[in-house]
Amino acid sequence: MHLRPEMLGGVLLLLLLLSGGAAAEENCSYQDVLDHLNLTQRSKLFYMNRPVQNYKTPTEVHLDLLLYAILEVKEKDQKFVPYVWTTMWWQNDFVSWDPDEFCGISYLSIPNELMWKPDITIVEMTERDNAPPSPYITLTSQGNVEIVNDQVLTSTCRMQIYKFPFDTQSCNLTFKSFIHSDEEIKLVHHLSSAEITEESRDVMRIQSEWLFINITVSSITNKIFLHSQTSVIYTVNMKRRSALYIVNFILPILFLLCLDLSSFMISDSGGEKLGFKITVLLAITVMQLILNEILPSSSNSIPLIAVYCIGVFSLMMLSLLETVLVMYLIEKDSAPRDDETEEEGKQ
């Protein structure tokens, strides 16, 4: 039986379609992609050095940060404790594939120890997060490597407490490479300040006593020996909720001052007025001790609230001295009269 040429072409086309479908079905698993990339053997090509074909080509690391919560601001220790989400991605010259050859698989997740990662650190961080980092990183068919982490950071923050408790604070989170210069790793931020602020407001859950204002992002380049190094700085701006301090601190001190002034209506003949004023003065002293526990001792300027407390304390001290002086004059004036009364009684 002989097939005509047009029939033979149709048979060959059908065989090609069947073989292509079988091949597509064979390449429909993540393992096929890993085998294609030779990632199953933990090749040193992927995790020992920067993933570039030419060592003169810098690795551009893109960085994003979102603020999820403001957990704590320790004024006494000048520490800032935020909960943040960080996302980094960079190009790997040795990891890429055609999704059409693998049933449309365009990305996959692998253990993070199989891939090289940039040594990005936070300058202000004083304590490491106890939570383990994400165990997986994401690879895309174009060769991008992406890693996402959530962290509870304990970082230093210089507090400006002059206007306490009506103050606003700005705390920096500075990201940079630990040892690499811009010739090797170039760190860039992806989202703008407005975009980061908007997305952080959408995901934020906890603000503690602080009201989140915005986040500003900027880049600076520093010279280190003969090389330059770029740092990305995220500045978190926040404002203190002052209502609780007004109710629990400022108003009670003002009430104690009014109470002390009202003591002028008490008679100076007895000792009750002096004891009352001393009691009120001790109450102000206790409030000052509480304030001393809140404010840092390393502040360059005296906070206005401390001036307020010292002013009230001074007025009450003058009032107490005035009472002591008046009682002394009254007692001194009454002494001759008592002597005259005693002499008249003897006569």
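Reader: What should I know before I start?
Author: The model is predicted, so local features need pLDDT of at least 70 and side-chain atom pairs count only at pLDDT 80 or more, while totals for chains, interfaces and linings use all residues. Residues are numbered from 1 along each chain as its sequence is written, and side-chain values use heavy atoms, with hydrogens and water left out.

Reader: OK, how many disulfides does the structure hold?
Author: One, where a disulfide is a pair of cysteine sulfur atoms within 2.5 Å. Cys157 and Cys171 form the bond, with their sulfur atoms 2.0 Å apart. The pair links distant parts of the chain, 14 residues apart: Cys157 is in the loop between β8 (154-156) and β9 (168-177), and Cys171 is in strand β9. Strands here are DSSP runs (E, at least two residues), and helices are too (H or I, at least four), numbered from the N terminus.

Reader: Which hand does that disulfide have?
Author: The torsion about the S-S bond is about -85°, so the disulfide is left-handed.

Reader: Is Cys171 buried or exposed?
Author: Cys171 is buried, at 0% relative accessibility. Buried means under 20% relative accessible area, exposed means over 50%, and partly exposed is in between (1.4 Å probe, protein chains only). Cys157 is buried as well, at 6%.

Reader: Switching topic, how many salt bridges are there?
Author: Five, a salt bridge being a side-chain nitrogen of Lys or Arg within 4 Å of a carboxyl oxygen of Asp or Glu. One of them joins Glu75 and Arg240, at 2.5 Å from N to O. That pair links distant parts of the chain, 165 residues apart, and both residues are buried.

Reader: What else does Arg240 pair with?
Author: Glu209, with the closest N and O atoms 3.3 Å apart. Glu209 sits in the loop between α4 (193-203) and β11 (210-224), and Arg240 in strand β12. Salt bridges that share partners join Glu75, Asp167, Glu209 and Arg240 into one network.

Reader: And helix α5, what span should its 20 residues have?
Author: At 1.5 Å a residue, residues 243-262 should span 28 Å; the expected span is 1.5 Å times one less than the number of residues. The end C-alpha atoms are 27 Å apart, which agrees.

Reader: Which residues are buried there?
Author: In α5, Tyr245, Phe249, Ile250, Ile253, Leu256, Leu257 and Asp260 are buried. Leu254 also lies in α5, but Leu254 is partly exposed, at 36%.
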